[in-house]
Structure formats: structure tokens, C-alpha cells
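Here is a short briefing for a reader meeting this structure for the first time. Look over the sequence and the model, then read on by topic.

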Amino acid sequence: MKQRRDEWLSSGKLESVYQRLVNEEDARVCRDIDDNACRVVPGNFLLQITTQFLTKLGDAIANPKTVLAWLLTALSAPGIFVAFLVPIRESGSLIPQLLIAAWVRLQAVRKWTFVIGSLLQALSVLAMALVAVSLTGTAAGLMLLAALVVFSLSRGLCSVASKDVLGKTVPKTRRGRVSGWSEFLAGLITIGVGVVLLTDSQQGDTAIYLILLATAAGLWLAGAGTYAMIREFPGATEGGGNAIREAVSRLSLLRSDQTFRHFVLARSLLLCSALSAPFFIMLAHQRTDGAVLVLGLFVIADGLASLVSAPFWGRFADLSSRRVMVLAGAGAAVSGIGLVGLVHAHDGLAGSQWLYPVFFFLLAVAHAGVRLGRKTYIVDLAGGNRRTDYVAVSNTVIGVVLLIAGSIGALTSVLPVSAIILILAGMGLAGAWMSWHLPEVT
């Protein structure tokens, strides 16, 4: 059975598609993976693109910043539950990763950890759909957040496992394009989702959102199926002892590994690309007196950003993930500075309904670059079992930083929104500067 699968994964048809996607004559050259894995790179490469496409599209449909926030509002849940959506979604998948990593290290074949995580995410989204049709008010808020906690923890399983499997099955100079092509395809479909949401937001029909949540669950189920088909050869399992003891010992990497510590600091500052988005939207509502800047318009901008930028960032990351982090971090900062500058310099532009989605699009392009750059950098920075440690420590630290940095929203009571955007832009410039001083690892 495995022999037949290996023959299919290395077949001429898949080889041809693989060569077109990587666009290099020496597509078969393998760096940083063993000979067995090298033989089935074409199939594994395409399966990971397919899986990431399915799960990224599921993320776009069940986005806490858009669909879930709208859903809780429609269910008359108190605003505090809406405020906790993004912190729980992001930090819940990051902070426990040191504990998760100790268990993942015990698995010689780690793709099944991703499969389990995808199945749990599918069940969590189905639970959210059940909440939508059966509960309202505080009960709906509590139960949806509970489902989101399970979703987020499951996402942590996928995050730790996927980067290690990627490093074992796809060679250097090809890894960035896995995410690049998958985000391109997901962005293309997300634009269509945005058009549907834009149309429905005008009609007020809530049924479409329940359909979308069920569709998102189906996408994660499909992603689990395609990932299970990957041919991953067994790897080392050292260091998978007591989870808490292992977690504490892994934190010593921040002290002993200067390059890794520098990367984590740079990544922390580059969080500005994620944290700025809600303040762009808040500024838009303030300056346009609540004009119709509907949910679908921002979803379209987000999807279009992935569509036009992901292949570029993916290929660029394979050349130099460090420079991607520099350029994308600076781009996020410039988009914030540019928006604030135009709003305060031209009163006529400040009331434009199209100004804010345009800058939201630019921010989303920069954010896509930040994500692709830092993911590719950390995978290339370490080999073997160290990769799992690096990913887990980095994500755990970033989860804590994200919760702390997310509290910057409290400053809106004493500072204008534009000032907070500028503060975050300063973070982005500092993150770009720190990224510039990282060593090349590609």
C-alpha cells in the first residue's frame, strides 16, 4: 500500500504540476530532507497546498473578526463576548504550544496530530452553528466562546505539527510557496464569500451565515483527509517527557540562542500588522458617521490581498524570508501612517467610504507578508527536532505578548484612534529594523 502511494506521489503528472508551481528547472533538488522524502516531494508538496487551502478558506469563513462577531451581535450577546473573540482565537492556539510540543515530540509520524486537530476544529465550528440556532444572549456568548476555546487549542495542535511535517517533507527554497499558493487560492474563493456576505448584509438574512459555518466545518474535515494522505517518514522522538518539565526547559532557548531570541523579539513587534486592523475599521466608522462599510467589503479586501500578494510573498520568502519580514513590517507601518496622514490632511478624504477599505487592503497585503516571512524563517532556522522546540517556544511567547498588546485597545478612552494606529506603526518600524539585523537562513 505504501509503495503504491509513493509511486503516485512521485508520478509524472504530479511532478509536472510541481515543477510549474515552483517554476525552477532543478525542482527535484532537495535540501535539508532525506533521500526517501525527496522521492515523494511532488505529491507531498501538492497535498500540503491543498490542505492549507481548505483550512485557510475555513478560517476566512469562520473569521472571529467578521462572521463570528456579526453572529454574536445578531444573537444579542453582550459586547464583552465580542471583545474576547480575537484574543481567545489567537492566544488560545499559541500559549499552550510548549505543553503540546512535548506530546508531539513523542510521535515519530506527526501528521496524525494535524489530522486530530483538524477534526476537532470541524466539530467546534459545528458546535458554533448549533449555538446559532438554539441560544441567544449571554448563553449564546458563553457557549460560542467555549467552542472557540476548543477550536483554538485544536489549532495549536495543527500549528506545531504542520511546521515540523513541512520541514520533513518539503526541501528548503520550496516551503514558502506551499503557503503562498494555498493563500492565493483561498483568497480567490474568499472574494466570492465576501460578495455573498455583502449582498446578504443588505438583505438581513441570517441563514447564509449558518450555511457558511457548516461549510467551514466541512472544509476542515476535507483538510484532515488530504493531510492524512501525506507520506511522512518516521523521525526522532527524543525529548518528549513530562510536558511541564519539558516546557520549562525549552524556554531556556530564549536565553541560550541569540538568533532565536532576536527573531522572537522581531516577531513580537511585527504583531502590529494584526493588531492594527480593528483600529482601521474603528477610524472608518468615526470619520464616516457610520456609513455603510459593510462586512463583505472588508472580507473582499482581505481575500483580494491574499490573492494578489501570497504567491509573491511565497516566492520571495524562499529567496530571503528575512527580507520579507523587513519589507512587510515596514509596509504595515507605512499603511497606518499613510491612512492617518490622509485623514488628518484632507477633510474631504476623511469621509470617503473607499479610503478605508483601500488602506485595509494594503495592511492585509503587509500582514500576509509578515505571516509568510516569519513562518518560513523559523522553519529554515532549525532542523530536526529543534524545529518543534522553536515553533512551540516562539508561539507560546507570542501568545502572551498578544494578550498584553491587545490591551492597547483600552487606550481609546484617553487617546484618539489615529494615535493608536501611529503607536502600532512605530512597532512595525521597530520590527522591520530588528528583522533587518537577523542573519539569513534560506
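Leu126 sits in helix H9. The model shown is predicted. With a relative accessible area of 37%, Leu126 is partly exposed, because that class runs between 20% and 50%.

**Surface patch**

- Leu126 belongs to a nonpolar surface patch.
- Which helix gives the most to the nonpolar patch? It is H9, with four residues.

**The chain as a whole**

- The protein chain has 442 residues, and 56% of them count as buried.
- It holds 22 helices and zero strands.
- Its accessible surface comes to about 17800 Å². Carbon and sulfur atoms account for 66% of that surface.
- Take the contacts between residues at least 6 apart in sequence. Of these, 87% join residues at least 24 apart.

**Nonpolar cores**

- The largest nonpolar core has 34 residues.
- Seven of its residues touch the most other members: Ile61, Leu85, Val125, Met128, Leu144, Leu148 and Leu213.
- Which elements give two or more residues to this core? They are helices H4 (41-61), H5 (64-74), H7 (85-94), H9 (111-134), H10 (137-169), H11 (175-203) and H12 (207-228).
- Leu144 is in contact with Leu71, Leu72, Leu85, Met128 and Val131, leaving aside neighbours within four places in sequence.
- Another core lies apart from the largest one. It has 31 residues, including Leu275, Ala301, Ala332 and Ile398.

- Is Thr55 buried or exposed? It counts as buried, because its relative accessibility is 12% and the cut-off is under 20%.
- The side chain of Thr55 reaches the backbone oxygen of Gln52 at 3.2 Å.
- Thr55 also touches Phe114 and Trp220, not counting residues up to four places away in sequence.

Note on methods: Residues are numbered from 1 along each chain as its sequence is written. This is a predicted model: local features need pLDDT of at least 70, side-chain atom pairs count only at pLDDT 80 or more; totals for chains, interfaces and linings use all residues. Side-chain values use heavy atoms; hydrogens and water are left out. A nonpolar core is a set of buried Ala, Val, Leu, Ile, Met, Phe, Trp, Tyr and Cys residues joined through side-chain atoms within 4.5 Å. Buried means under 20% relative accessible area, exposed over 50%, partly exposed in between (1.4 Å probe, protein chains only). Contact means heavy atoms within 4.5 Å. Patches are made of residues with over 30% relative accessible area and no salt bridge: like charges are joined within 9 Å, nonpolar side chains (Val, Leu, Ile, Met, Phe, Trp, Tyr) within 5 Å. Accessible areas come from the Shrake-Rupley method with a 1.4 Å probe; for residues, only the protein chains shown count as cover. A salt bridge is a side-chain nitrogen of Lys or Arg within 4 Å of a carboxyl oxygen of Asp or Glu. A polar contact is a pair of N or O atoms within 3.5 Å; within protein, one must be able to donate a hydrogen and the other to accept it, and residues adjacent in sequence count only if both atoms are side-chain atoms.
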